[in-house]
Amino acid sequence: MSESICLIPVLTEGNVEIVRRAYEAIHARDVDRLKTMTTPDLVLRASPATDGKVHHGPEGIGEVFQAIRDRWQEFRVQALEFYDAGNRVLVLGTILTKGKNEDGIASTAGQVWTLEDGKVASVEAFLDTESAIRAAGLTRLLT
């Protein structure tokens, strides 16, 4: 009789908590804490609200924060909903900015966070929720 091995799927519930803690660090503007939460080969795909560029490695976090400081007088992202999508977490919320020249953005926003072994491997930011939902593969949320 052959022996079968039962593989228990890895629960990803912790990924949402990791992303929530990352948002706490973002709101505290704690770049050092965020860096400890990422993989060495982190990829950040910033939305046009920051600089629209792709940043690499933990140092990319500082680059995004600098781009925000350079462009905006005020910059707030509010995460409202978190969806577990396996090794990814979809975050939907809002973004509100005020520019140095009184311009600004008020928009829905979304991010797709990819995690590997409890660390953030990539973040892709969107200025609309539909694009983020599609990128996370959670199109059932669109119906």
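Predicted model: local features only at pLDDT ≥ 70, side-chain atom pairs only at ≥ 80, totals over all residues.
Modeller: Residues are numbered from 1 along each chain as its sequence is written, and side-chain values use heavy atoms, with hydrogens and water left out.

Biologist: What makes Glu-130 and Arg-134 a salt bridge?

Modeller: The term needs a side-chain nitrogen of Lys or Arg within 4 Å of a carboxyl oxygen of Asp or Glu. For Glu-130 and Arg-134 the N to O value is 3.0 Å, so the pair qualifies.

Biologist: And where do Glu-130 and Arg-134 sit in helix H4?

Modeller: They're 4 residues apart in H4 (residues 129–136), about one helical turn. Helices are DSSP runs of H or I, at least four residues, and strands are runs of E, at least two, numbered from the N terminus.

Biologist: Why is Arg-33 called partly exposed?

Modeller: Buried means under 20% relative accessible area, exposed over 50%, and partly exposed in between (1.4 Å probe, protein chains only). Arg-33 has 33%, so it lands in between. Its salt-bridge partner is Glu-24, which is also partly exposed, at 49%.

Biologist: How do you know that S3 and S4 pair?

Modeller: Pairing takes at least two bridges found by DSSP between two strands. S3 (residues 72–85) and S4 (residues 88–99) have 12, running antiparallel, so they count as paired. Glu-74, for instance, stands opposite Lys-98 in S4.

Biologist: What joins S4 to S5?

Modeller: There are 9 bridges, again antiparallel, with S5 covering residues 106–116. Val-89 has Trp-113 in S5 as its bridge partner.
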